[in-house]
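Trainee: I have a new structure to look at, and I would like to go through it with you. Could we take it step by step?

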2 protein chains.
Amino acid sequence: MTTRKKNSTYTRNEQCIINCDLTYAVQKIGGRWKLLLLDKLGDKKLRFNELKKEFSYMSERMLSLQLKSMEQDGLIKRSAYAETPPRVEYEMTELARELAPILDQLRNWGRKQRESV
Amino acid sequence: MTTRKKNSTYTRNEQCIINCDLTYAVQKIGGRWKLLLLDKLGDKKLRFNELKKEFSYMSERMLSLQLKSMEQDGLIKRSAYAETPPRVEYEMTELARELAPILDQLRNWGRKQRESV
DNA sequence: GTCATTACTTACATGTTTGTTCGTGCCTTA
DNA sequence: TAAGGCACGAACAAACATGTAAGTAATGAC
């Protein structure tokens with residue numbers, strides 16, 4: 001995000017996978033926590049600390065980074081209220097909701113793959 | 001694969017995502033090249049060198065690693081023929097074929113996401 | 001006997017992701 | 001006055017993913 005990447009093969013190859021809608025999509029939901037967060041959000045609005053408690057093993061830093069990334073990618077909506085103590089709520093966007101049925105199928109495939117190996 | 005991982009938070013957290021069928025599934029198709037390889041294989045049988053030519057920007061090492069990983073995960077089948085020079089062919093398994101319709105949906109979602117951001 | 005072909009493998013280098021620890025600004029409660 | 005909750009941010013470190021360059025074994029062509 002912050003640091004500019006070099007013009008290396010690593011970066012040029014990254015372009016290949018960004019150009020493909022499929023690999024691009026997988027990137028958006030990839031990483032260690034995003035899908036678990038989406039799962040937990042479901043149809044609810046949750047605060048930063050609520051998510052933090054749910055995923056006590058995840059570092060605050062990761063939670064923060066993933067939420068920010070998903071917000072930029074239009075997967076979640078962040079609403080901050082100027083109260084004391086501050087309140088910030090996160091919820092899925094319509095775009096993320098459209099993923100749900102696809103993810104259900106992927107989940108089933110995952111179970112099947114796991115059984116067959 | 002070869003080196004044993006330590007009993008770190010990193011490793012313990014990995015268990016969390018392996019326990020979930022969904023994140024587990026995404027891991028199996030994650031990484032930079034696997035989906036592109038599956039895409040290219042389609043219904044064909046392709047040799048190592050044919051894949052290498054198709055993905056000239058991908059290093060041989062990566063091709064080899066990804067193919068091996070996908071074979072272990074039951075996504076592709078490797079057939080080696082004791083000829084000279086050696087001939088090795090790769091093709092998708094039934095399990096991988098079941099992914100195709102799901103991936104099509106993901107691809108569509110990816111295009112939509114890309115347009116909306 | 002030298003060389004090319006094929007499908008890899010190994011050692012090393014670079015780049016990214018994830019985790020640890022500490023700090024911040026605002027206000028409330030004790 | 002002190003302490004604590006909330007929602008983060010920054011600096012650093014560990015682990016992993018990816019890329020580079022070179023080498024291997026078997027064989028057949030020349």
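Mentor: Gladly, and one definition comes first: copies are superposed by least squares on the C-alpha atoms of residues with pLDDT of at least 70 in both. This is a predicted model, in which local features need pLDDT of at least 70 and side-chain atom pairs count only at pLDDT 80 or more, while totals for chains, interfaces and linings use all residues. Residues are numbered from 1 along each chain as its sequence is written, chains are lettered from A and ligands numbered from 1 in the order in which they are written, and side-chain values use heavy atoms, leaving out hydrogens and water.

Trainee: Which residue of chain B comes closest to the rotation axis?

Mentor: Two copies of a chain are related by a rotation about an axis and a shift along it. Here a rotation of 180° with 0.0 Å of shift along its axis superposes chain B on chain A, with an RMSD of 0.1 Å. That is the relation of a two-fold axis. At 3.2 Å from the axis, judged by C-alpha, the residue of chain B that comes closest is B:Ile102.

Trainee: How many disulfides are there over all chains?

Mentor: A disulfide is a pair of cysteine sulfur atoms within 2.5 Å. The sulfur of B:Cys20 has its closest cysteine sulfur in B:Cys16, 10 Å away, so the two are too far apart for a bond. B:Cys20 is also buried (under 20% relative accessible area, with a 1.4 Å probe and protein chains only), its value being 15%. Over all chains, the number of disulfides found is zero.

Trainee: In S3(A), what is the bridge partner of A:Ala80?

Mentor: Strands are DSSP runs of E with at least two residues, helices are runs of H or I with at least four, and both are numbered from the N terminus. Two strands pair if DSSP finds at least two bridges between them; S2 (residues 76–81) and S3 (residues 87–92) of chain A pair in the antiparallel sense over six bridges. They form a hairpin with five residues between them. Within S3(A), the partner of A:Ala80 is A:Val88.

Trainee: Which helix or strand gives the largest share of the surface near DNA strand C?

Mentor: A residue is near a strand if one of its heavy atoms lies within 4 Å of it, and 27 residues surround DNA strand C, with B:Asn13 among the closest. The largest share of the surface, four residues, comes from H5(B).

Methods:
Buried means under 20% relative accessible area, exposed over 50%, partly exposed in between (1.4 Å probe, protein chains only).
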